[in-house]
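The structure and its sequence are shown first.

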Amino acid sequence: MTDTNAPSAAAAPNAQRLLWAGFMAILAAGVGFSIRGGILGQWAEQYGFTMTELGGITGGGLTGFGIIILLSSFLADTIGYGKLMAAAFLTHLVSAILTLAAGAAFASGGKDAAYQCLFWGMFLFAIGNGIAEAVVNPLVATLFPSNKTHYLNILHAGWPGGLIVGGLASYFMNPDGAKPVAWQVQMSLFMVPVVLYGLMVLGQKFPKSEASQAGVSMGAMIAQLFAPLMIVLLAIHAMVGYVELGTDSWIAKITGSIMASPQNGLLLFVYTSALMFALRFFAGPIVHRTSPLGLLCLSGILGFVGLNLLGAATSGILCVVAATVYAAGKTFLWPTMLAVVSEQFPKGGAITIGAIGGAGMLSAGLLGGPGIGFKQDYNASNQLKTASVATYDRYKAGSESTFVGFKVTGLDGAKVGVLGDEGKELARAGDLLKKENKTDKNQEALATWWADASKTAAEDKKLVDEANLHGGRMALKLTSFVPLTMAGLYLLLILFFKSKGGYKAVHVEGSTGGGH
């Protein structure tokens with residue numbers, strides 16, 4: 001392994017500038033993602049959105065994130081990294097203009113117009129993030145061919161860095177019991193790193209991928225996707241996406257419940273993001289002593305232990321300890337997997353790295369979120385049914401939830417939400433409908449239900465809260481077997497490479513055998 005401080009580590013004179021431009025692009029995604037969660041309340045109050053409508057806005061484009069990475073990766077070697085980064089910048093810029101235009105749209109066209117501005121603003125924000133990620137991953141791998149793991153981890157320190165900035169901004173700009181800073185000011189913060197990366201790439205020469213430089217054809221690049229080892233790595237990274245991205249929202253919710261304070265839960269989120277940010281700068285020295293696969297295997301074990309500890313935490317201190325272990329476990333997974341693929345399949349150019357990123361994102365969206373949600377539904381409903389059949393009957397959903405053939409009748413999120421805020425949002429939404437002279441059958445049915453359910457709300461709330469907490473804990477414990485499986489697979493890969501003389505990076509020139 002080459003010394004990370006060696007001058008020959010970079011393949012281009014502007015390598016550091018392009019590295020930090022990519023860092024800023026990923027940081028922008030983290031800032032926007034984190035800030036958005038703290039301003040949903042303002043959107044609801046100013047424009048009269050229901051929670052369902054807010055969910056539609058926040059979901060805008062997320063399911064297509066993985067597909068955008070894949071599509072952009074296929075275009076990267078043909079169109080060029082520079083043109084795609086310009087497209088990412090313009091997309092981010094238009095997303096900001098649309099989002100910030102929501103107030104004017106509301107004034108002229110009402111709630112529906114504001115909704116369209118925010119939905120498409122968030123959609124384009126996700127598209128911009130996907131295009132940027134499809135570029136910066138293979139770009140950094142090309143710029144630092146001798147130290148891919150180290151520099152890809154530095155690049156992806158931008159994500160927790162953005163979460164820190166956004167999390168702290170939300171903490172200080174949305175204080176409990178006080179008037180928050182205007183959401184337009186908060187949301188505009190993500191444009192600071194966007195403008196910075198735009199300026200940093202302006203007029204810069206971008207290299208072609210190792211594969212393009214070596215004259216590898218598009219067909220040969222695509223063929224790398226079907227190598228046996230590549231298929232194994234795609235499957236493992238689908239697990240990485242499931243466990244890393246799929247669990248984060250549940251962990252924040254559960255720790256906030258345990259510590260009885262959403263604000264403390266937010267601070268814990270900032271703390272773990274800061275830990276990830278710092279650790280990603282030390283991937284190079286760690287890999288220098290072990291190997292990328294050794295680091296990944298250790299990460300899988302720590303992920304297993306951390307999720308189990310989180311599932312068993314009963315106090316704020318235990319939450320901090322458990323979250324520390326879990327954060328250390330997930331820190332290196334995503335960028336180090338990108339490095340392994342780039343080192344083993346350099347002939348794949350941007351396509352193989354893009355496929356790995358796409359597999360992780362699609363798994364998180366299609367399997368991680370729904371799967372962990374299903375586990376929570378299953379365990380929460382069984383717990384509540386055991387504690388009180390009457391309470392369960394009051395709060396159960398009207399239809400079954402299904403996940404890969406399994407079924408359960410979970411708790412109705414709308415009813416649980418009404419119970420949680422004692423009907424305040426329900427009343428607010430009802431008042432909005434009256435002002436607009438509109439009727440909503442779902443709203444009316446929920447109001448009729450609450451008129452009766454409110455009579456037993458005091459005793460129901462304790463049981464429902466306990467059931468939801470139990471469901472979340474069990475979901476984390478069950479999910480812990482995913483990183484444990486990953487650790488086992490990484491160990492098998494270590495043994496596989498040991499049988500071939502040890503893990504070594506493959507280079508396009510003279511790469512032979514093994515389908516690489």
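In this predicted model, the count of aromatic pairs is 21. Among them is the pair of Y47 and F106, with ring centres 5.1 Å apart and planes at 55°, so the pair is tilted.

**Aromatic pairs**
- Y47 belongs to helix α1 (residues 15–47) and F106 to helix α5 (residues 102–143), so their pair ties together parts that are 59 residues apart in sequence.
- Y47 is buried at 4% relative accessibility, whereas F106 is partly exposed at 30%.
- A stacked pair is formed by Y115 and F119, with 6.2 Å from centre to centre and 15° between the planes.
- Y115 and F119 are four residues apart in helix α5, so about one helical turn separates them.
- One aromatic cluster consists of W20, F23, F277 and F281.

**Surroundings of S73**
- S73 sits in helix α3 (residues 65–79) and is buried, its relative accessible area being 1%.
- The S73 side chain reaches the backbone oxygen of I69 at 2.6 Å.
- Beyond its neighbours within four places in sequence, S73 contacts A134, A350, I351 and G354.

**Confidence**
- Mean pLDDT for the chain is 87, with 93% of residues at 70 or more.
- Confidence is lowest in helix α2 (residues 51–58), with a mean of 71, and highest in helix α24 (residues 481–499), at 97.
- Residues 1–8 have pLDDT under 50, and the model gives them 12 contacts beyond four places in sequence.
- Residues 510–516 are also below 50 in pLDDT, and this stretch has 12 contacts beyond near neighbours in sequence.

Key
Residues are numbered from 1 along each chain as its sequence is written. This is a predicted model: local features need pLDDT of at least 70, side-chain atom pairs count only at pLDDT 80 or more; totals for chains, interfaces and linings use all residues. Side-chain values use heavy atoms; hydrogens and water are left out. Helices (H or I, at least four residues) and strands (E, at least two) are DSSP runs, numbered from the N terminus. Buried means under 20% relative accessible area, exposed over 50%, partly exposed in between (1.4 Å probe, protein chains only). A polar contact is a pair of N or O atoms within 3.5 Å; within protein, one must be able to donate a hydrogen and the other to accept it, and residues adjacent in sequence count only if both atoms are side-chain atoms. Contact means heavy atoms within 4.5 Å. pLDDT is the predictor's confidence in each residue, from 0 to 100. Rings of Phe, Tyr and Trp (its six-membered ring) pair if their centres lie within 6.5 Å; planes under 30 degrees apart count as stacked, over 60 as edge-to-face and the rest as tilted.
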